[in-house]
Amino acid sequence: MDFIRICMFLSAMLTVGICKGAEMKKLLLIVADGMRPDAMIQCGHPVAGKLEKHSFYTFEGKTVYPSVTLPCHISLFHSVPPEVHGTKDNNFVRSSIPGVAEVMKKHGKSVMFFYNWAELRDLARPDSLNRTTFIASHDYGGKDAAKLITDEMLRILKSEQPDFIFLHLDYPDCAGHENYWMTEKYLLAVNDTLEQIDRIIRELPDDYLTVVTADHGGHKGRHGTDMTEDMTIPVFFYHPSFSSQKISGANIIDILPTALTAIGVEPDKSWQGKVLFNINK
């Protein structure tokens, strides 16, 4: 009988945690450009363990091919592969499919972007953003640009608490191209990037679901191929109330359908990504 009571107690505690998650109405999406999941582990920053402890997560997520920055981001934001949205390199092609900024705006939500790479301006259509801030890695350096853009995001978060925040941190990709992926300097860049993420989740209000992911990985000094090193990405759906739960079969196009469903916003019907889990059921 004591064993049965213990099982019932543990089940109730798990249910409380999941129900608490249902109170989340806002979303923070963090993309660490070029951050390989094995680098998160090898760099040694403790926030990787914190994310794993309180997330639905995988270190074996998949991005789209070609594993190039703009096509990957367009696929993430529009939940379709490049052969559907049409952007197959870093030259933007306008698609008729609405992105997450337009979907959130349609539901009356405030949307703000903070990013380190100028081409990401094309992720949102005109009049879909309340605020956008760009700080260039190539002008300030990857490490300083990441800190500056994080500082600005946290400043706005404290004063305005928008419904959807996109934060792009470019430092891992910069270090990968300059020093090669998985070298000591690259791992230091990943560690510094995770330090910015740690700062954020320590200050984030509980009504935010946080997604931490990457657009692609890399090998040697490049990416863009269908190699495992280029195509594998980390995916974390983090909230302090969550228990650690691995997810499988996660693709970059699944991230926003899952996250929007979790905060009670219906994904666009033209999106092709699947919902990886549903905390509201």
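Helices α9 and α10 are roughly antiparallel to each other (angles over 145 degrees count as such). This is a predicted model, where local features need pLDDT of at least 70, side-chain atom pairs count only at pLDDT 80 or more, and totals for chains, interfaces and linings use all residues. Residues are numbered from 1 along each chain as its sequence is written, and side-chain values use heavy atoms, without hydrogens and water.

**Helix pair**
- α9 (residues 171-179) and α10 (residues 184-203) pack at about 175°, with axes 8 Å apart.
- Axes are lines fitted to C-alpha atoms over the stretch in contact, and angles run from 0 to 180 degrees between N-to-C directions.
- Helices are DSSP runs of H or I with at least four residues; strands are E runs of at least two.
- Y171, P172, A175, G176 and N179 of α9 meet K185, Y186, A189, V190, D192 and T193 of α10 (contact: heavy atoms within 4.5 Å).

**Strand β5**
- All 6 of the 6 residues of β5 (residues 164-169) are buried, so the strand is largely enclosed by the rest of the structure (buried: under 20% relative accessible area, 1.4 Å probe, protein chains only).
- F164, F166 and H168 point one way; I165, L167 and L169 point the other.
- β1 (residues 26-32) pairs with β5 in the parallel sense over 6 bridges (pairing needs at least two DSSP bridges).
- V31 stands opposite H168.
- β3 (residues 111-115) and β5 also pair in the parallel sense, over 4 bridges.
- M112 has I165 as its bridge partner in β5.

**T133**
- T133 lies in strand β4 (residues 131-134).
- T133 counts as buried because its relative accessibility is 15%.
- Beyond neighbours within four places in sequence, T133 contacts F113, F114, Y115, I149 and E152.

Terms used:
Parallel < 35°, antiparallel > 145°, perpendicular 65-115°, else oblique. Buried < 20%, exposed > 50% of the residue type's maximum accessible area, 1.4 Å probe, protein only.
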